Amino acid sequence: MEPSSLSGLPAGVGEALEAEGVAELYPPQQAAVEAGVVDGESLVAAVPTASGKTLIAELAMLSSIERGGKALYIVPLRALASEKKAEFERWEEFGVTVGVSTGNYDSDGEWLASRDIIVATSEKVDSLIRNGAPWIDDLTCVVSDEVHLVDDSHRGPTLEVTLAKLRKVNPGLQTVALSATVGNADVIADWLDAELVESDWRPIELRTGVHFGNAIEFDDGSQREVPVERGEDQTARLVADALDTEEDGQGGSSLVFVNSRRNAESSARKLGEVTAPRLTGDERDRLRELAEEIRGVSDTDTSEDLADAVEQGSAFHHAGLASEHRSLIEDAFRDRLIKCVSATPTLAAGVNTPARRVIVRDWRRYDGEFGGMQPLDVLEVHQMCGRAGRPGLDPYGEAVLLANSADTREELFDRYVWADPEPVRSKLAAEPALRTHVLATVASGFAATRDGLLSFLDNTLYATQTDDEGRLASVTDTVLDYLEVNGFVDRDRDGGSEGLAATGIGHTVSRLYLDPMSAAEILDGLRTVVDGADDEGAESGEFVPADGADADLDADADDAGFTTYTRADDEGGDPAAEPAESDDDGPAVTPLGLYHLVSRTPDTYELYLKSGDREEYTEVCYEREAEFLGDVPSEYEDVRFEDWLAALKTARLLEDWANEVDEDRIAERYGVGPGDIRGKVDTAEWLLRAAETLARDVEGIDGDVVVQVREARKRLEYGVREELLDLAGVRNVGRKRARRLFEAGIESRADLREADKAVVLGALRGRELTAERILENAGREDPSLDGVDPDRSASAAATAGADADGDGDGQASLGDFG
């Protein structure tokens, strides 16, 4: 079937596809057309990676737009959202407008009303519905990419409820669900009232097998000799073999999946010994340039290690990298400049990074609940294997698991190669998921009674799958009790049907996209400032955990105030806080207190306590006990006390960032990467923004507390101490330039408008274009620096001050992380 023969698309789209090289539709695409995808019919497409799923989605969206509608494309990752937006923008020449939205969970995204195609994460779509985005009612087509992720316990319920809400708002909505690996695609299709297109067709051959001894044995019975000498690394030999086997004049790249960040980094170093000798002179030059770009992203050891590996033609990829790191690696790997990437499974989650050979080195991963190494799910391994083979670049793809014995080889064939992926199962009927989505469903008007709420939940995948009809109702009632006790929902039990209504604070919590338990902890902590605490602990604002834990769990508070801190050493050592004095009204509000508060919430992933951490942070806990907004648990309450200390460790990382400690020192101190720092800071900033709103909306919380929370948030946003807030708020300044300007005597935005230009230029190390941009952004009438020479004394003062604060050369701010 030729694209130009399709009807219902904007004029010229079919011809444009043919000009791109799509001479005829792939079999799965043709099957989708025959199932009515361009006629508005809902569809579940369960087809392999690289078999044309995205074009199926485009045909649905473009035909919907041609009929006067609006389309929404839901992705699981922010990085994938940007990738898809860029891909869809090629249709703008046909009058189709594209927008992307992934952040700002408390906005309604009104500007998106003017876009024909909107790309967003499921969390963002959920928040848009909660905030009443009016254009949601205008949707005629929704595409859910990687729909198998409804099985994910963290993100799955949001995708599931979001699709249910969209279908309720728009009864005629065309729903297109895409996945490469669904063990029960027919169940997904039944849930979505959709046609099913299921296929194992691929445009290029994918062979999956196991390497043992001196050969790869594939699923089709064939073998490929890859001998491994005594003492030689099995993975390295397979990578070398792929590079040395030329097709179309080029060797093949490899993607190696391992089970931890540390293993990814060590693997990349070792495999650099394989890739480096096989680089051309031009590739070496380009890789050196790329390595310098990577070093410029952040000044952490992780960044340096990555750059060192990249110079050798190898790289690692994991969630601890900054987003800019990941983008640079992915682009260079797609361009065949980087020959091998060692990655954790995050790279298998949908980002377009195919390789000729995929090597699943580690098929077991540590499971904390199990207390040991556990085999990966079949679905996850199949996702990894699906990365093998690049249409138009490779004549075939190979996915290889590694065995060190004949018994393991047989186990891997049985467990993964010949096995079907597990069926997708809804994770909605768990209290943490339901307490968020029940409140949002009531607050956004989808249900006004208990019966109405249960009726809405009957439209979910869980209701389609469950054999226990009473389970969902039972868990829902438990969650409603929790929401009522905490003042988020009012229940009217008079009459035949129990009425439900979100309270004012319940509406606020839903709009802010908070887990209600996070909101309860934050409110409980903030109220301790007002109410104080007696010997038995504060009674006001106590919350009842939905998981049945003790009802008097205390909300910790993170540092929100602006106490001045001093450094323990000239190189940015531990900042020693001087806690504000407490009065009879309750605990003092300090930055550490507020950072600790948000670090304790369910919306934050706390740092792990490593060996030796308990002793260290127990000491810190008692030294700074006066700053906590809530009572410290007893050391004999092991679980609660460990959680408290883990939150304290996380809060100290945030405090370090707000006290201008260098990112490399933070990364070393806490054993994290630049991406982790960015993630923790972003999450804490979002939660403090929510805390600020809650503090304003709840009666009885002092206005001074609101100010302290706001200032603490801004210190995180800019990564500076209190005295630099005004300067750091000027665009293009950031934390290090602000410190240099301050040490040169320029202490505010107003000073930038009046200061001697030579002093400004000297403080900024003679960087004329940077200085001009900063002066312009500060509102200087004439920002030009033509003929101005930098003031050497200002430069010396700035350098001395920055060095005293542990700040080396270079500019670093949150922008450096992604």
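These legends describe close-up views of a predicted model.

**Figure 1**
The chain holds 32 helices and 21 strands.

By class, the lining of the second largest pocket has 13 nonpolar, 13 polar and 13 charged residues.

**Figure 1. S51, a residue in the loop between strand 1 (43-46) and helix 3.**
Is S51 buried or exposed? S51 is buried, because its relative accessible area is 0%, and the cut-off for buried is under 20%. Set aside the neighbours within four places in sequence. S51 is then in contact with Y26, P28 and Q29, and also with W201, R202 and P203.

**Figure 2. The largest cavity, with about 80 Å³ of space.**
The structure holds three cavities of 30 Å³ or more. Rolling a probe the size of a water molecule over the atoms shows where empty space is left. The lining of the largest cavity includes I74, V75 and P76. S122, E123, D145 and E146 line the cavity too, as do L149, R155 and L159. Strand 2 (70-75) and helix 5 (122-130) are the elements that give two or more residues to this lining. How do the lining residues of the largest cavity divide by class? Five are nonpolar, one is polar and four are charged.

**Figure 3. Helix 10 (residues 281-297) packs with helix 11 (residues 301-311).**
The two axes are 8 Å apart, and the angle is about 175°. That makes helix 10 roughly antiparallel to helix 11, because angles over 145 degrees count that way. Look at the residues that meet. Helix 10 brings L287, R288, L290, A291, I294 and R295. Helix 11 brings S303, E304, L306, A307, D308, V310 and E311. By class, this contact has seven nonpolar, one polar and five charged residues. An α-helix has 3.6 residues a turn, so residues three or four places apart point the same way.

**Figure 4. Helix 21 (591-599), a helix with nine of its nine residues buried.**
Because nine of nine residues are buried, helix 21 is largely enclosed by the rest of the structure. The buried residues in helix 21 are P591, L592, G593, L594, Y595, H596, L597, V598 and S599.

**Figure 5. T601, a residue in the loop between helix 21 (591-599) and helix 22 (613-623).**
T601 counts as buried, because its relative accessibility is 2%. Which residues does T601 touch, not counting those up to four places away in sequence? T601 touches S518, E521, I522 and L687.

**Figure 6. R336 and E660, two residues with positive phi values.**
Phi of R336 is near 65°, and R336 is a residue other than glycine. R336 is found in the loop between helix 12 (323-334) and strand 13 (340-343). At 11% relative accessibility, R336 counts as buried. Phi of E660 is near 70°, again in a residue other than glycine. Where is E660? E660 sits in the loop between helix 23 (638-658) and helix 24 (663-670). E660 is buried, with a relative accessible area of 1%.

**Figure 7. D782, a residue in the loop between helix 31 (768-777) and helix 32 (792-804).**
D782 is partly exposed, because its relative accessible area is 46%. That value lies between the cut-offs, since buried means under 20% and exposed means over 50%. The view also takes in R753. D782 and R753 are 29 residues apart in sequence. In space, D782 and R753 are 9.1 Å apart, C-alpha to C-alpha.

Terms used. Residues numbered from 1 in each chain as written. Predicted model: local features only at pLDDT ≥ 70, side-chain atom pairs only at ≥ 80, totals over all residues. Heavy atoms only, no water. Nonpolar A, V, L, I, M, F, W, Y, C, P; charged D, E, K, R; others polar. Helix = DSSP H or I, 4+ residues; strand = E, 2+ residues; numbered from the N terminus. Buried < 20%, exposed > 50% of the residue type's maximum accessible area, 1.4 Å probe, protein only. Contact = heavy atoms within 4.5 Å. 1 Å grid on protein atoms, 1.4 Å probe; cavity = no way out; pocket = protein on both sides within 12 Å on 5 of 7 lines; lining within 4 Å. Points joined across faces, edges and corners; volume = space filled by probe spheres on them. Axes fitted to C-alpha atoms, helices over the stretch in contact; angles between N-to-C directions. Parallel < 35°, antiparallel > 145°, perpendicular 65-115°, else oblique.
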